[in-house]
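Hello,

Here is the structure I said I would pass on. My notes on what I found in it follow below.

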Amino acid sequence: MVRYELRRRLMSTEKHQGDLLDHFIRDMNTENFITEDFVVQHMFGFLFIIFDSISTSIALALKLLAEHPLVLEELTAEHEAILKNRENSDSPITWEEYKSMTFTLQVINETLRLANISPGMFRKALKDIKIKGYTIPEGWVILLATSVLHLNSDKFENPLEFNPRRWKDLESSVLAKNFMPFGSGMKQCAGSEYSRVFIATFLHVLVTKYRWTKINGCEVMRSPIIRFPNGLHFKVSEKKN
Ligand code: HEM
């Protein structure tokens, strides 16, 4: 479909709104590396990145919070305290408020640790790499399975437990090499901070305005990204204070 739309626009003379595909088309005229295949693969990648990533993390947070009422209570308390300190409780979240959401960010980290949408990240061996008696030949593609690293019991006690409080004691030197939900180095996720802010904002509205209970279909599987084979069904109702 993306290829069809790209070809249709390349042949048409009509003016568009200037969406991402139009930017690619404009750049195809000046940048040789932007070929038809490049555009199709990137458009597909972007659609996946934008549609699946944050929504999956939020769905998981909903499930984990519904199953852990004490965590939900602490999270709600953090957000209600923010509302209490505001002059107008309906005013938008400020940067200072976001920075004060310590426990919320621990909940987000713990959700990303337990079930990150991405199974890992790809790298290419630029030269032969010798490791534990094996050689990864130059040119091979390597999948660094960060989703496995995040369940390492040497670094995360009871790794399958949803315990946002663990983040209080984890040292940044340990995390640098053992927690990479957004990848690492120069290829690191361009949307990492945006994603954290988005999820924190969503949780703020959710816990202050709504309550929810799990109904059924909460099975989670990885193949290779996170999937909910039977969906996730919640009953959501507005909070009446
Ligand atoms: C919870 C949400 C998300 C997670 C867990 C996530 C995770 C990742 C991971 C693991 C990578 C590979 C990084 C590497 O190879 O080192 C990546 C790359 C990328 N992500 Fe995200 N992502 C998320 C949301 C987003 C969003 C919302 C956007 C855009 C608004 C985005 C844009 C990108 C881009 C452009 C790259 C490629 C960076 C490059 O190759 O230079 N991501 N992401």
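**Asn-116 and its surroundings**

Leaving out residues up to four places away in sequence, Asn-116 touches Thr-111, His-150, Pro-181, Arg-222 and Ile-226. Please keep in mind throughout that this is a predicted model. Asn-116 sits in the loop between α6 and β1 (121-124). Is Asn-116 buried or exposed? With a relative accessible area of 4%, Asn-116 is buried, the cut-off for buried being under 20%. Gly-139 is 23 residues from Asn-116 along the chain, and the C-alpha atoms of the two are separated by 27 Å.

**The chain as a whole**

The chain has nine helices and eight strands. Its C-alpha trace spans about 60 × 60 × 40 Å along the principal axes. There are 241 residues, and 35% of them count as buried. Taking contacts between residues at least 6 apart in sequence, 60% join residues at least 24 apart.

Several of my notes concern α3. Two packed helices are described by the angle between their axes and the distance between the axes.

Helix α3 (residues 36-67) packs against helix α9 (residues 192-209) at an angle of about 40°, and the axes are 10 Å apart. The crossing of α3 past α9 is right-handed. On the α3 side the contact is made by Ile-54, Ser-57, Ile-58, Ala-61, Leu-62 and Leu-65. On the α9 side it is made by Tyr-194, Ser-195, Phe-198, Ile-199, Phe-202, Leu-203 and Leu-206. By class, the contact of α3 with α9 has eleven nonpolar residues, two polar and no charged.

With helix α6 (residues 102-114), the axis of α3 comes within 10 Å and the crossing is at roughly 105°. That makes α3 and α6 roughly perpendicular to each other. Here Ser-57, Leu-60, Ala-61, Leu-64 and Leu-65 of α3 meet Val-107, Thr-111, Leu-112 and Leu-114 of α6. Seven of the residues in the contact of α3 with α6 are nonpolar, two are polar and none is charged. Ser-57, Ala-61 and Leu-65 are listed both in the contact with α9 and in the contact with α6.

Helix α1 (residues 2-11) also packs on α3: the axes come within 9 Å and cross at roughly 130°. α1 and α3 are therefore oblique to each other, and α1 passes α3 in a right-handed crossing. Which residues meet in α1 and α3? Val-2, Arg-3, Leu-6 and Arg-7 in α1 meet Glu-36, Asp-37, Val-39, Val-40 and Met-43 in α3. The contact of α1 with α3 is made up of five nonpolar, no polar and four charged residues.

Lys-63 is also part of α3. At 13% relative accessibility, Lys-63 counts as buried. Apart from neighbours within four places in sequence, Lys-63 is in contact with Cys-218, Val-220, Leu-232 and Phe-234.

The iron atom of the ligand has a single donor from the protein, the SG atom of Cys-189, 2.3 Å away. Cys-189 lies in the loop between α8 (172-178) and α9.

His-204 is in helix α9. With a relative accessible area of 5%, His-204 is buried. Not counting residues up to four places away in sequence, His-204 touches His-79, Ile-82, Leu-83, Arg-86, Ile-93 and Met-101.

**Backbone points to check**

Most residues other than glycine have a negative phi, and most peptide bonds are trans. The following places depart from that pattern.

- Ser-223 and Pro-224 are joined by a cis peptide bond, with omega about -20°. Pro-224 lies in the loop between β6 (221-222) and β7 (226-227).
- Lys-132 has a positive phi, near 45°. Lys-132 is in the loop between β2 (129-131) and β3 (134-136), and at 79% relative accessibility counts as exposed.
- Asn-158 also has a positive phi, about 45°. Asn-158 is placed in the loop between α7 (146-149) and α8, and at 47% relative accessibility counts as partly exposed.

Regards

Conventions:
Residues are numbered from 1 along each chain as its sequence is written. This is a predicted model: local features need pLDDT of at least 70, side-chain atom pairs count only at pLDDT 80 or more; totals for chains, interfaces and linings use all residues. Side-chain values use heavy atoms; hydrogens and water are left out. Axes are lines fitted to C-alpha atoms, for helices over the stretch in contact, and angles run from 0 to 180 degrees between N-to-C directions. Helices (H or I, at least four residues) and strands (E, at least two) are DSSP runs, numbered from the N terminus. A crossing is left-handed if the near helix is turned anticlockwise from the far one by less than a right angle, and right-handed if clockwise. Contact means heavy atoms within 4.5 Å. Ala, Val, Leu, Ile, Met, Phe, Trp, Tyr, Cys and Pro count as nonpolar, Asp, Glu, Lys and Arg as charged, and the others, Gly among them, as polar. Donors are N, O and S atoms within 2.8 Å of the metal (3.2 Å for Na, K and Ca); water is not among the atoms, so sites may look incomplete. Angles under 35 degrees count as roughly parallel, over 145 as roughly antiparallel, 65 to 115 as roughly perpendicular and the rest as oblique. Buried means under 20% relative accessible area, exposed over 50%, partly exposed in between (1.4 Å probe, protein chains only).
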